[in-house]
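Please examine the sequence and the structure before going on.

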Amino acid sequence: MLYDASRAGNADATWFDRSWWESRGEVRPAAEGRGSAHFIEADARRLVLRHYRRGGWMTHLLGDRYLWQGEPLTRSFVEWHLLYVMHRAGLPVPLPIAARYVRIGRSLYSADLLTEQLPATVSLARRLRAGPLPLSAWIAVGRCLRRFHDYGICHADLNAHNVLLDDRESVWLVDFDRGRLRQPGYWCDANLVRLRRSIEKIAFDSPDERFSEADWASLLDGYFTAAVPAAEEAV
């Protein structure tokens, strides 16, 4: 187990047990796009507990199990460390609380991650389903993405479910499983293309026009005109 002692000094294995939290307060599954995640409101805490599960065809073969390659390479520990670095750098991400892995035999393991819950936020996907976004919101999303790319943060699954907004158009990114630090390059463009495909898929299923070329142009305008402030560059 790995945890931030300043925020989880008494953490133990029960913190990764949904039923343990249920006995202390409210636990509800995430509505969308968060895999096997649950929102926890208990013991004066607001947390997100996520159990790692595979996607695609591999889920039928291994489900929630991963090949053991050593503790530093476990999915939960890698994501916890990346979140910690990003949070220290001032990037808009959830605060990591604790992570763990459980060995299964000699060659497999399962993993869990506990983070602080971001208050009063909804996913870009849900906002789009509710109605069109103002151009200012698209600009805010573009600026946020540029900050991450300037720091070399590659989100392995950047989609409309992993971009969160509040009613003041502040933007956060979540779910950094398989994310990593890289030198900025062509992968930044690939990140943007992946996000656009996700947005278009959601907009296609909507009853009216929820996403236009003007929306995407606004996002790109925010992205390409954003700059990392000098104070942040020194972090």
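Q: How many of the nine residues of strand β7 are buried?

A: This is a predicted model, in which local features need pLDDT of at least 70 and side-chain atom pairs count only at pLDDT 80 or more, while totals for chains, interfaces and linings use all residues. Residues are numbered from 1 along each chain as its sequence is written, and side-chain values use heavy atoms, with hydrogens and water left out. Buried means under 20% relative accessible area, exposed over 50%, and partly exposed in between (1.4 Å probe, protein chains only). Strands (E, at least two residues) and helices (H or I, at least four) are DSSP runs, numbered from the N terminus. In β7 (residues 108-116), eight of the nine residues are buried, so the strand is largely enclosed by the rest of the structure.

Q: Which strands pair with β7 in the antiparallel sense?

A: Strands of a sheet pair through backbone hydrogen bonds, either parallel or antiparallel. Two strands count as paired if DSSP finds at least two bridges between them. Strand β6 (residues 96-104) is joined to β7 by eight bridges and runs antiparallel to it; here Arg 100 has Asp 112 as its bridge partner. β6 and β7 form a hairpin with three residues between them, and Gly 105 in the turn has a positive phi of about 70°. Strand β4 (residues 45-51) pairs with β7 over five antiparallel bridges, with His 51 opposite Asp 112. Strand β5 (residues 66-67) pairs with β7 over two antiparallel bridges, and Tyr 66 has Tyr 109 as its partner.

Q: Why is one side of β8 and of β11 left without a neighbour in the sheet?

A: Three strands form an open antiparallel sheet in the order β8-β10-β11. β8 (122-123) and β11 (171-173) stand at the edges, each with a single partner strand, so one side of each has no neighbour in the sheet. Two bridges join β8 to β10 (residues 163-165), and Ser 123 stands opposite Leu 164.

Q: What span should helix α3 have?

A: The expected span is 1.5 Å times one less than the number of residues. For the 14 residues of α3 (residues 75-88) that gives 20 Å, and the end C-alpha atoms are 20 Å apart, which agrees. Just after α3, Gly 90 takes a positive phi of about 85°.

Q: Which residues of α3 are buried, and is Val 85 buried or partly exposed?

A: An α-helix has 3.6 residues a turn, so residues three or four places apart point the same way. The buried residues of α3 include Phe 77, Trp 80 and Leu 83. Val 85, also placed in α3, is partly exposed, with a relative accessible area of 43%.
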